[in-house]
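Me: I'd like to learn how to read a protein model, one feature at a time. Can you walk me through it?

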Amino acid sequence: MDVFKKTTRRIILLLLGLCLCLPQSVRAAGETPEALLQQEPVLVKPSIRERLVGKVVVDLIAHFHYEPQMIDPALSSEWFQEYFKTLDANRMMFLESDIDSFRSYETVLWNSRNRVANLDFAFDVYQLYLRRSREWALYSIECLKMPHDFTVDESLPIDAREEPWCKNMDELRDLWRRRVKNALLNEEIIARKEREKELKQTSDKTPAAGDAAAAATTAATAGEQGAAGSDESVDSVLPKDAPDVRLAKNFARNYKRRTELEAIDILELFLSSLTRVYDPHSAYMAPETKENFDINMRLSLQGIGAVLTSQDSYTTVVSIIPGGPADKDGHLKGGDRIIAVAQDGEDPVDVVETPLNKVVSQIRGPKGTTVHLTILPEGSGTPQRLSLVRDEVKLTDQEAQSEIRVLPLSSGREARVLVVYLPSFYADFEAKAKGDDNFKSSTRDISALLTKASQERPLDGMILDLRGNGGGALEEAIDLSGLFLADGPVVQVRNNKGQVEKRMVPAGTAEYGGPLLVLVDKFSASASEIVAAALQDRGRAIIIGDRFTHGKGTVQTIFDLRRVPSISRAQAQIGNSEPGSLKFTMAKFYRVNGSSTQVKGVTPDIFFPSFTDHMETGEGNLPHVLPWDVIEPAGYQRLDSLDALLPALKDAALQRSQADPLFQEYNRDIAFYADLRAVKALPLQREAREAFQAREEEASKMIRKFQAQRKNARKSDDKGAAGDAGEPGKDLILEAALGVMGDLLQALPAGALAAENAPAPAPALPTAAE
């Protein structure tokens, strides 16, 4: 203990010295590291509101969750472990002995007799967390002034979630030292990249020697662009402070931010640790968190157009909203972690272990302004910086779009195929409730696209592209399925009481009965999986895409805690303090064949290799996930006309992909990415790190190229024409699907093509026997 006190005094003396050497701009800001770290943390205490909310949330989740379970000693132990993981996912704050010192609480976090949650444990642990955070900040700032040898063969785990807790302070300080060393190495590498980018931009803009007029024009244009903010300058991205000064400020700010959490925020951490033990989608939301959730649901957030969540201390991208700034930019993707946020002209601010609502507030901003993000790409340990211009995501950017593709057949004829892209399931429920006959919905839009395409000339086939579609309203999934099915069940929904509701196709809604393919990928989730599964189980369509879809087969509801009588009665005691809301899983989706879409998702009839095969995306990668299971199948009639054709269609698709040079390149890219993902530690030796980073950058380019090809293919004016190898507008998976469609059309009876015959109505199926 005496040794630690001496070390702490030495660090404080160092900070006092640092005060003298820090730039005046840093001291003037009133946020010097020494000022932020000067005082020991003073923790707030839970009030009547927190204690009442804790009691109510535990009662609700235990009784009304899809898998209701009372808090017994075993579940309390899981809650205990999850709380420490929530606070310290990277295993960099607590010692093994710290965990052990709280073992007496492990099985008694809920008093079943008094029905009271043990908030004293939660706040005592958070107090220790604050103390360790301060020690981390102090020691890390000391490490910034140490010499670091970047020729030594050292490493840092890329994913520390399964690492053991450090056994003593010597181990913990060594981990802290390597983290600081990694941060300095990151700063050095990023700064070098930005300098190279700046030199390239300068070189590209420099006119030919002797052309004075051109030089004057270039200078004037650059000045106008800089003033208007229409052309981002490297100076707006590069940090203004030296790396050690900026990192010192970030370390201190992180500690200060943790001390500023209110009691309700600490309660949110504790209660959400419990709800995650039930399943990863359930959460207690403090009032501010619920407000941000509502903003995202309304899609009125003026920001980057991404759905974010808090996972393992990181703000993680769940999905990219179609048509938003991130989607148009193309660099950000699901699974990426945001580790720092900067406004124009300001230094990046570290947001690791920052509450999600605080991160969202930094990303949100006026339309037309720029936000600079530092991200760790999914599965990567090397930061990248990107800049996005904030904008408002509009519903029109997510609407269904279509195109006609003309396929040459071996008979010399041509077939017309309608390709429909559906980025999300959407509907204007407010207009529908008011009786507006022209309310907007994804089903109505696709119906209109079908009608228009069929009026021009009869259709021979249709491809419904649900790749990247994260879902939406269940009603839309059922209605959309009704465009292709005459009757019968689409999905089964089971509640927490075991009651199963079979959702049926609306009568008389079938509009298309011809050959149908559905494209999916690992980002196709929820409503997309319901549609794909229903059409697959009913034998109505061939499913093509990634090896699996996302696997989200659960339904959540949000319960406003103000509706709880005990909280309503306590308004006089808690005043105007909002109690927050509980989001919990209350139902599960099942296919008509009885199998859940949970975890396993939908397995396509024909699938191709994908980068997502090696990404930790998908429901199955989440902790405490609800399991896959099976219930009784619904009574339905399956069309078996496609079953006999599938083996030949698979073989032909495989042969084409093996012979296609672009597919061969795509497979090599995936293999390269898979090898990179097998690396589990970041090298801290400079040359090894630069080589590793070069491989990561190459892998990122491969993924972006694949994503860009899909987007560009929809914009190309000549999509049907064969292109050169490397043609930017060629969507490999769509082209493969079109090949399958061509094979399918040629395998059908000679008189089945709509180009020769009027389209037949959708086949009538027997009514499902309940």
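## Reading the core and the charged pairs

Reply: Let's start with tryptophan 79, which touches Val58, Ile71, Leu109, Trp110, Ala117, Phe270, Leu271, Ser273, Leu274 and Val277, leaving out residues up to four places away in sequence. Keep in mind that this is a predicted model.

Me: Which residues touch the most other members of the largest nonpolar core?

Reply: Trp79 and Leu561 do, in a core of 81 residues. Helices H4 (48-64), H5 (73-87), H7 (119-144), H8 (169-205), H10 (243-259) and H11 (263-278) each put in at least two residues, and so does strand S21 (581-590).

Me: Which element gives the largest share of this core?

Reply: H7, with 16 residues. Another core, of 42 residues, lies apart from it and has Ile544, Tyr666, Ile670 and Met741 among its members.

Me: OK, on to charges. How many salt bridges does the structure hold?

Reply: The general idea is that side chains of opposite charge can pair when their charged atoms come close. In this model there are 42 salt bridges. One of them joins the side chains of arginine 173 and aspartate 170, at 4.0 Å from N to O.

Me: Why are arginine 173 and aspartate 170 separated by about one helical turn?

Reply: Because they sit 3 residues apart in helix H8.

Me: And are arginine 173 and aspartate 170 buried or exposed?

Reply: One of each. Arginine 173 is buried, since its relative accessible area is 16% and the cut-off for buried is under 20%. Aspartate 170 counts as exposed, at 60% relative accessibility.

Me: What about lysine 256: which residue does its side chain meet in a salt bridge?

Reply: Glutamate 260, with 2.8 Å from N to O. Here lysine 256 is partly exposed, with a relative accessible area of 30%, and glutamate 260 is partly exposed too, at 49%.

Me: Which residues do salt bridges that share partners join into one network?

Reply: Glu154, Asp174, Arg177, Arg178 and Lys181.

Me: Let's finish with helix H23. Where does arginine 686 lie, and what is it in contact with?

Reply: Arginine 686 lies in H23, which covers residues 686-715. Leaving aside neighbours within four places in sequence, arginine 686 is in contact with Phe150 and Glu188. The side chains of arginine 686 and glutamate 188 are joined by a polar contact of 2.8 Å. Also, arginine 686 and aspartate 153 are 533 residues apart in sequence, yet their C-alpha atoms are 9.2 Å apart in space. Arginine 686 itself is partly exposed, with a relative accessible area of 28%.

Me: Is arginine 710 buried or exposed?

Reply: Arginine 710 is buried, with a relative accessible area of 17%. Arginine 710 is also found in H23, and it touches Arg467, Gly468, Asp521 and Asp731, not counting residues up to four places away in sequence.

Terms used:
Residues are numbered from 1 along each chain as its sequence is written. This is a predicted model: local features need pLDDT of at least 70, side-chain atom pairs count only at pLDDT 80 or more; totals for chains, interfaces and linings use all residues. Side-chain values use heavy atoms; hydrogens and water are left out. Helices (H or I, at least four residues) and strands (E, at least two) are DSSP runs, numbered from the N terminus. Buried means under 20% relative accessible area, exposed over 50%, partly exposed in between (1.4 Å probe, protein chains only). Contact means heavy atoms within 4.5 Å. A polar contact is a pair of N or O atoms within 3.5 Å; within protein, one must be able to donate a hydrogen and the other to accept it, and residues adjacent in sequence count only if both atoms are side-chain atoms. A nonpolar core is a set of buried Ala, Val, Leu, Ile, Met, Phe, Trp, Tyr and Cys residues joined through side-chain atoms within 4.5 Å.
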